[in-house]
Amino acid sequence: MFGDAKRSKILIYSAVFTALIAAGGWISVPLFAVPFTLQTLFVLLAAVVMKKYAMIPAALYVLLGTAGLPLFHNGTSGIGIILGPTGGFLIGFIFMALAAGLFFERGKISSDVIGLITATAVSYVFGVSWFMISSGANLTAALISCVVPFLIGDIIKSAVTETVCLRLRKTKGETAD
């Protein structure tokens, strides 16, 4: 990595955001079958900073948690969590980070908003789909358990993410829209 600043930044940011995503899992409020955590906030913030490379810390988080490190919500870990009702959300973090990161690369507020909505939708699609498969719930029950209680929180997380994004751009002297 000597002499390659971009790769070094990716490595450092990956470590930091993997740790933040894990820490976000410890801030957990149980709601129905899926707990409310700050993990998605840190996945989105990784996308602000790392753009498309944000999928690296998200994938590392899932890989390390699946391997047995107590990184998932409330210190859980293992393949059982991935195969359980919340596993779709965890796998969805990887694609959520990629979706948001691709939109944040454009550097426009309109792209940011579309990216945040798309990333959140990707998370919901993975989470709801796997919840239905793993629990045998129908679509209505899955939406009531996995989406409705989290909508306001996800809107707040998206607003916080965009605020941080705009501040970072202003700090770097970039202009938006």
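Predicted model: local features only at pLDDT ≥ 70, side-chain atom pairs only at ≥ 80, totals over all residues.
Lys51 lies in the loop between helix 2 and helix 3. Its phi is positive, about 55°, although Lys51 is not a glycine. Lys51 counts as partly exposed, with a relative accessibility of 23%. Asn74 sits in the loop between helix 3 and helix 4, the latter covering residues 79–83. Asn74 is likewise a residue other than glycine with a positive phi, here near 60°. With a relative accessible area of 45%, Asn74 is partly exposed.

Lys51 leads on to the largest pocket. That pocket has a volume of about 440 Å³. Its lining comprises 18 residues, and Lys51 is among those nearest the centre, along with Val48, Val49, Met50 and Lys172. Helix 1 (5–26), helix 2 and helix 8 each give two or more residues to this lining. By class, the lining has nine nonpolar residues, eight charged residues and one polar residue.

Rolling a probe the size of a water molecule over the atoms shows where empty space is left. How many cavities of 30 Å³ or more does a search of the whole structure find? The search finds one. The largest cavity holds about 240 Å³ of space. It is lined by 19 residues, and Val34, Pro35, Thr37, Thr40 and Phe89 are the closest to its centre. Several elements supply at least two lining residues each: strand 2 (36–37), helix 2 (39–50), helix 5 (87–104), helix 6 (109–135) and helix 8 (151–172). Helix 5 gives the most, with four residues. The lining of this cavity divides into ten nonpolar, seven polar and two charged residues.

Now turn to the charged pairs. Side chains of opposite charge can pair when their charged atoms come close. A search of the whole structure finds three salt bridges. One joins the side chains of Arg169 and Asp112, at 2.7 Å from N to O. Arg169 lies in helix 8 and Asp112 in helix 6, so the pair ties together parts that are 57 residues apart in sequence. Are these two partners buried or exposed? Arg169 counts as buried, at 5% relative accessibility. Asp112 is buried too, at 0%.

A salt bridge also links the side chains of Lys157 and Asp154, with an N to O distance of 3.8 Å. Both residues lie in helix 8, three residues apart, or about one turn of the helix. Lys157 counts as buried at 7% relative accessibility. Asp154 is buried as well, with a relative accessible area of 12%.

The remaining bridge is between the side chains of Asp4 and Arg7, at 3.7 Å from N to O. Asp4 is partly exposed, with a relative accessible area of 27%. Arg7 is also partly exposed, at 48%.

Gly107 is found in the loop between helix 5 and helix 6. It counts as buried, because its relative accessibility is 17% and buried means under 20%. Arg169 therefore takes part in a side-chain bridge to Asp112, a link that ties helix 8 to helix 6.

Leu31 lies in the loop between strand 1 (28–29) and strand 2. At 26% relative accessibility, Leu31 counts as partly exposed.

Definitions and conventions:
Residues numbered from 1 in each chain as written. Heavy atoms only, no water. 1 Å grid on protein atoms, 1.4 Å probe; cavity = no way out; pocket = protein on both sides within 12 Å on 5 of 7 lines; lining within 4 Å. Points joined across faces, edges and corners; volume = space filled by probe spheres on them. Nonpolar A, V, L, I, M, F, W, Y, C, P; charged D, E, K, R; others polar. Buried < 20%, exposed > 50% of the residue type's maximum accessible area, 1.4 Å probe, protein only. Salt bridge = Lys/Arg side-chain N within 4 Å of Asp/Glu carboxyl O.
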